[in-house]
Amino acid sequence: MGEEKDTRGKDYSWIAFCSAFLLFFVQPGLAQIRYSIPEEVKDGTVVGNIAKDLGLDIASLSDRRFRVVSETKDGIFEVNPDNGALYVHNHIDREELCQGSGACLMELKILVENPLEIHYVVVEITDVNDHSPSFTKNNQTFEIGELTSPGKRFQLHTARDPDAGINSIRTYTLTSNEHFEINIRQNDVEKIPFLVLKKPLDREEKREHKLFVTAVDGGKPQRTGTLNITIIVLDSNDNKPIFSQEAYHITIQENIPLKTPIFKMNATDPDEGINGEIEYSLGKTLREKVYDIFEVDELNGEIRITGLIDYEDNDLYELDIEASDKGTPPLTGECRIIIKITDVNDNAPEIEVTTLSNTVSEDSKPGTVISLIRVKDKDSGINGKIILQIINDVPFELKSSYKENTYSVVTKGLLDREKVSFYEITIKATDCGDPPLSTLKTLNIQISDVNDNSPHFQQSPLEFYLLENNVAGQSILSVSATDDDLDNNAVISYHIARDASQNDIMSFLNINSDNGHITALKSFDFETLKTFQFQVVATDSGTPSLSNNVTVNVFILDQNDNAPVILYPLSSNGSAEGVEEIPRNVNAGHLVTKVRAYDADIGYNGWLLFSLQEVTDHSLFGLDRYTGQIRTLRSFTETDEAEHKLVILVKDNGNVSLSATATVVVKVVEPKEAFAASDVKSPAKDDDSNVTFYLMITLGSVSALFIISIIVLIAMQCSKTTDYTSKYMQETNYDGTLCHSIQYRSGDKRYMLVGPRMSIGSTIVPGSNANTLVLPDRRKASGEVRL
C-alpha cells in the first residue's frame with residue numbers, strides 16, 4: 001500500500017506538470033462534466049459516454065489518441081476510444097480513496113490530440129454499506145464489587161466503522177438483563193458507550209455476568225459488531241482482620257542486635273480472597289523515633305529490631321499494630337503491643353566536676369575542700385551503683401556528701417610546694433554491674449607558694465682567701481644564698497650585720513644587696529692584718545620576710561711587698577756597712593762575721609738567701625747562702641792583701657724578688673794587733689748590745705702579734721664545730737737569719753707559709769705565689785683529734 005501511494009504521488013506530480021504545460025500551450029475545453037458512481041462496482045461498469053457529452057467525434061477518437069491521463073499507473077477509470085465511454089477499470093473503495101464522511105470526488109483529465117484538447121471530468125464516488133462495525137477488542141471484563149452503588153458507569157470499548165454517513169455507527173445495544181443498561185455519549189467524532197449499573201449485584205446470587213454489546217450502523221441492510229462483556233462480581237470486604245488479644249505484653253533486653261525478631265503477630269479475616277489476605281503495619285500515629293527502632297513484616301507480622309534499644313532513653317514502648325486486608329476498600333484491625341525494656345550494664349559511670357580550685361596554697365590545713373564532684377550512671381538498679389576512689393598516692397581524699405553520689409576532694413595532709421609543686425589526682429568511678437564498668441577523671445592541682453623557707457647558704461661558714469694590696473673599691477668576694485620559695489618569696493637581698501662590739505674593719509666593707517658582691521673600701525696589708533670575720537644576712541621578700549646569716553672568714557694572703565732589712569752589719573749612720581778584723585793566722589773555716597737580715601713577708605716572700613755580689617778574692621772567703629755566715633776558705637798567706645771588701649746581696653724568694661746589700665770590710669791584722677783591737681773595740685760592745693736590744697724588741701713585737709692572732713683563731717675555733725676553722729702557729733728559727741712561718745688548716749688540708757727552712761715532704765700550693773705549702777696531715781695517721 002505504501003509503494004502504491006508513492007507511485008501515485010509521482011504520477012500526480014507528472015500530471016501536474018503536464019497540466020501546467022497544457023494550460024500555457026493548449027487550448028482547454030470550456031465545459032466540465034460530472035458523473036456519480038457507487039463504490040464496489042464491477043470492473044467495466046460504464047460511468048458515462050464522455051465523448052458524446054463532450055461533443056467529440058467518435059470516429060476520430062482513435063486517431064486523436066483519446067485517453068485518460070491517470071495519476072497512477074493503474075488508473076481507476078479508462079475511456080473506450082471506440083465508443084467514447086468512460087468505464088471502471090479497477091476496484092473502487094471509497095474508504096481507501098477518501099477519508100471522512102464528506103463527498104468523495106475524483107477529477108479526471110481527458111486528453112485528445114490533433115488538435116490537443118484537455119477536458120476535466122469529475123466523478124463522485126458514493127458510499128455503500130460495505131463495512132461492519134468492529135471493536136478494538138472482542139472481550140472486555142469488569143470487576144465490580146457487590147456493594148457498588150447503582151448509577152455507577154463503566155466505559156466500554158468504542159466500535160469503529162469505516163463507512164460514512166448513514167452507513168456509519170448509529171447506536172449500541174445491550175443484551176437484556178436486570179442489572180445493567182447501556183448509555184451512549186455523543187461527541188463531534190464518535191459515540192462512546194457506557195455500561196451503567198442500575199441494580200446492585202449480589203455475589204452470593206451470581207458470581208459472574210455475561211453480556212453482549214452490539215454496535216449497529218445505519219446501512220441497508222444494517223451491519224453490526226459485537227463486544228463480549230464479562231462482569232465479575234467481587235466479594236464485598238465486610239469483615240475486618242481480628243487479633244486474638246487487644247494488647248500483648250513482652251519483655252526484651254536493651255542493645256538487642258539489629259534484625260532480631262521479638263514477636264510475631266497473627267490476625268484472622270473470615271473474608272475470602274484478597275479480602276482475607278492480611279498485611280501488617282505500624283500505626284500511623286506513633287512517635288517518629290519508634291519507626292526507626294521497630295519494623296513489622298507486612299506479610300507474616302513479624303516484629304523486628306531496626307534501631308538501638310537503649311534502656312536509658314526509654315524503658316517502655318507501646319506499639320499500635322494494624323492488620324489490613326486487601327479488600328476494596330480495605331478494612332483494618334488494630335491491637336497494642338507493650339514492650340518493656342530490661343537494663344543491662346552498658347553505660348560507664350560519668351564523673352562531673354562541679355567546682356575545682358586549680359591552685360591550692362601549700363599552707364592549707366588538712367580537710368581543705370578543693371573540688372566538688374558528682375557522679376552518675378545512666379544504668380539502673382545495681383548497674384547504677386557507683387564506687388568512687390582516688391587511685392594514686394596523693395595527699396588528698398574523698399569525702400562523701402549528705403547527697404547521694406556527691407563527693408568533695410579534700411586535703412588529708414600537709415602540703416609542701418618545695419617537695420611537690422603539682423599533683424595529678426586520678427579519680428576512678430566503678431559501677432557494680434557485671435562486668436563492672438569504670439571511668440577515670442584526672443584533676444590537675446597546682447600548689448601555690450607561701451614564704452615558709454628561709455634563704456640558705458650552701459656552706460657555713462664561708463672562707464675566702466684574699467691577696468693583700470687589693471684595689472680599694474673593687475669587689476673582693478661574693479656570697480650567694482638560695483631560697484626554695486617562688487617569685488617574691490625567693491627574691492633575696494643581702495646586708496652585712498654590724499654592731500658596736502665589732503671592730504672597725506666592718507666599716508670598710510660594702511655589699512651589693514642584689515647580688516651579694518662584697519667590695520672593700522680599703523687595701524689590706526698582710527703584715528698588719530692576717531684575717532678578719534664578719535656576718536652576711538640574706539633576707540627574702542616574702543610577707544613576713546625570712547632571713548638567715550652566714551659567717552664569712554677572710555684570710556689575707558701575703559705578697560712580696562717588703563724588701564729585706566739588714567740588721568747587721570749596721571753603721572752608726574744607718575747604712576749596712578761594717579768592718580771586721582781577723583788575725584792573719586786563722587785557719588780555714590774561721591767565722592769572720594754573720595750578716596743578719598729580716599723580711600716582714602712570710603713564706604717564700606720572707607725566705608732570704610745570701611750571695612757574694614762583690615769580693616776581692618773569691619778563694620779566700622765563702623758565704624753560707626742560708627745563714628749569712630762569712631768564713632775563711634783557706635789560711636792567709638804573706639801575699640794576701642791586708643784588707644778585703646765583701647758586698648753581700650740579700651734577696652727574698654718572691655715571684656719578683658726584692659733585695660738589699662751589705663758591705664763588710666775585712667782587715668787582716670797580726671795576732672797581737674787583733675787582741676789590741678778587741679780591747680779597743682770593747683766600748684763598741686755597747687753598740688752591739690744596743691743592736692741586740694732592738695732586735696729583741698722587734699722579735700718580741702712580731703711574736704706578740706702572732707700570739708694574739710693564734711689566740712683569736714683559737715677562740716673562733718672553739719666557738720665553732722666545723723673543721724674549716726684555721727689555726728695559726730708561729731715558728732721562729734734564728735739560724736743567722738730571722739725566719740718565720742704560719743701554719744693554718746682548711747678542711748682536710750694543712751697549709752704553712754714558711755721562711756727559709758722548709759720541712760721535707762712539703763708541696764707548694766698552686767696559685768699561692770709560691771709562698772704556701774701543703775703539709776701532709778700526720779694527725780690522721782696518729783689518730784689525733786682535729787682541733
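Q: In which helix of this predicted model does Ile697 lie, and which residues make a nonpolar surface patch with Ile697?
A: In this predicted model, Ile697 lies in helix α6, which spans residues 684-718. Together with Phe693 and Tyr694, Ile697 makes a nonpolar surface patch of about 340 Å².

Q: What is the mean pLDDT of the protein, and where is the pLDDT below 50?
A: Where pLDDT is low, the predicted coordinates should not be read in detail. Here the mean pLDDT is 81, and 83% of the residues reach 70 or more. Over residues 1-30 the pLDDT is below 50, and this stretch has 31 contacts in the model beyond near neighbours in sequence. Over residues 677-687 the pLDDT is also below 50, and that stretch has 3 contacts beyond near neighbours in sequence.

Q: How many salt bridges does a search of the whole structure find, and where do Arg67 and Glu113 lie?
A: Side chains of opposite charge can pair when their charged atoms come close. The search of the whole structure finds 24 salt bridges. In one of them, the side chains of Arg67 and Glu113 meet at 3.2 Å, N to O. This pair links distant parts of the chain, 46 residues apart, with Arg67 in strand β3 and Glu113 in the loop between β6 and β7. Arg67 is partly exposed, with a relative accessible area of 27%, whereas Glu113 is buried, with a relative accessible area of 19%.

Q: Which residues are linked with Lys259 in a network of salt bridges?
A: The network links Lys259, Glu295, Asp297, Glu302 and Arg304. Within it, the side chains of Lys259 and Glu295 meet in a salt bridge of 3.6 Å, N to O. Lys259 lies in the loop between β18 and β19 and Glu295 in strand β22, so this pair ties together parts that are 36 residues apart in sequence. At 53% relative accessibility Lys259 counts as exposed, while Glu295, at 24%, counts as partly exposed.

Q: Which side chain of opposite charge is nearest to Glu468, and how far away is it?
A: Glu468 is found in the loop between β35 (462-467) and β36 (475-478). Glu468 is buried yet has no salt bridge, and the nearest side chain of opposite charge, Lys530, is 8.1 Å away. Leaving out residues up to four places away in sequence, the residues that Glu468 touches include Phe524, Phe526, Ile556 and Leu557, and also Asp525, Glu527 and Asp601.

Methods: Residues are numbered from 1 along each chain as its sequence is written. This is a predicted model: local features need pLDDT of at least 70, side-chain atom pairs count only at pLDDT 80 or more; totals for chains, interfaces and linings use all residues. Side-chain values use heavy atoms; hydrogens and water are left out. Patches are made of residues with over 30% relative accessible area and no salt bridge: like charges are joined within 9 Å, nonpolar side chains (Val, Leu, Ile, Met, Phe, Trp, Tyr) within 5 Å. Accessible areas come from the Shrake-Rupley method with a 1.4 Å probe; for residues, only the protein chains shown count as cover. A salt bridge is a side-chain nitrogen of Lys or Arg within 4 Å of a carboxyl oxygen of Asp or Glu. Helices (H or I, at least four residues) and strands (E, at least two) are DSSP runs, numbered from the N terminus. pLDDT is the predictor's confidence in each residue, from 0 to 100. Contact means heavy atoms within 4.5 Å. Buried means under 20% relative accessible area, exposed over 50%, partly exposed in between (1.4 Å probe, protein chains only). Lys and Arg count as positive and Asp and Glu as negative; His and the chain ends are not counted.
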